[in-house]
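Subject: Structure handover

Hello,

Here is the structure for you to look over. My notes follow below it.

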Amino acid sequence: VVETLGLDRVEVVRGRADALHGTRRFDVVTSRAVAPHGRRLEWSMPQVDARGALVAMKGATVHEEIVEAEP
């Protein structure tokens, strides 16, 4: 996608959140449906920069999981 769109200021880093924990922070973190949303936030948000975003791919239960993770 980076090449297709001609993006020249993008670095793609693939890895597990636990392996990257504490090493770097990113403008955008993507995450697939590997765990309930609350747990995924615990794993992924430490890698998201203060002005960054988490893009989480989820299925049909996403709305319920967001409500459960809200606190």
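Salt bridges first: a salt bridge is a side-chain nitrogen of Lys or Arg within 4 Å of a carboxyl oxygen of Asp or Glu. By this rule the protein has two salt bridges. This is a predicted model, where local features need pLDDT of at least 70, side-chain atom pairs count only at pLDDT 80 or more, and totals for chains, interfaces and linings use all residues. Residues are numbered from 1 along each chain as its sequence is written, and side-chain values use heavy atoms, with hydrogens and water left out.

Helices (H or I, at least four residues) and strands (E, at least two) are DSSP runs, numbered from the N terminus. Arg24 is partly exposed at 36% relative accessibility. Glu11 is exposed at 55%. The terms: buried means under 20% relative accessible area, exposed over 50%, partly exposed in between (1.4 Å probe, protein chains only).

Asp18 and Arg16 also meet in a salt bridge, at 3.1 Å from N to O. Asp18 is exposed, with a relative accessible area of 52%. Arg16 is exposed too, at 61%. In general, side chains of opposite charge can pair when their charged atoms come close.

Now the overall layout. The protein has four helices and two strands. Along the sequence the pattern is α-α-β-α-β-α. Of its 71 residues, 17% count as buried. The C-alpha atoms fill a box of roughly 40 × 25 × 20 Å along the principal axes.

Next, helix α3, residues 37-44. Its buried residues include His37, Arg40 and Ser44. Seen down the axis of α3, the buried residues fall within an arc of 60°, so they line one face of the helix. That arc is taken from the directions from the helix axis to the C-beta atoms.

Arg40 is worth a look. Its relative accessibility is 0%, so Arg40 counts as buried. What does the side chain of Arg40 make a polar contact with? One partner is the side chain of Ser31, at 3.3 Å. A polar contact is a pair of N or O atoms within 3.5 Å; within protein, one must be able to donate a hydrogen and the other to accept it, and residues adjacent in sequence count only if both atoms are side-chain atoms. A polar atom of the Arg40 side chain also lies 3.4 Å from the backbone oxygen of Met57.

Ser31 belongs to strand β1, residues 26-31. Ser31 is buried, at 9% relative accessible area. Leaving aside neighbours within four places in sequence, Ser31 is in contact (heavy atoms within 4.5 Å) with Arg40, Ser44, Leu54, Val55, Ala56 and Met57.

Last, Val12. This residue lies in the loop between α1 (2-5) and α2 (17-20). Val12 is exposed, with a relative accessible area of 55%. Val12 and Gln47 are 35 residues apart in sequence and 14 Å apart in space, C-alpha to C-alpha.

Best wishes
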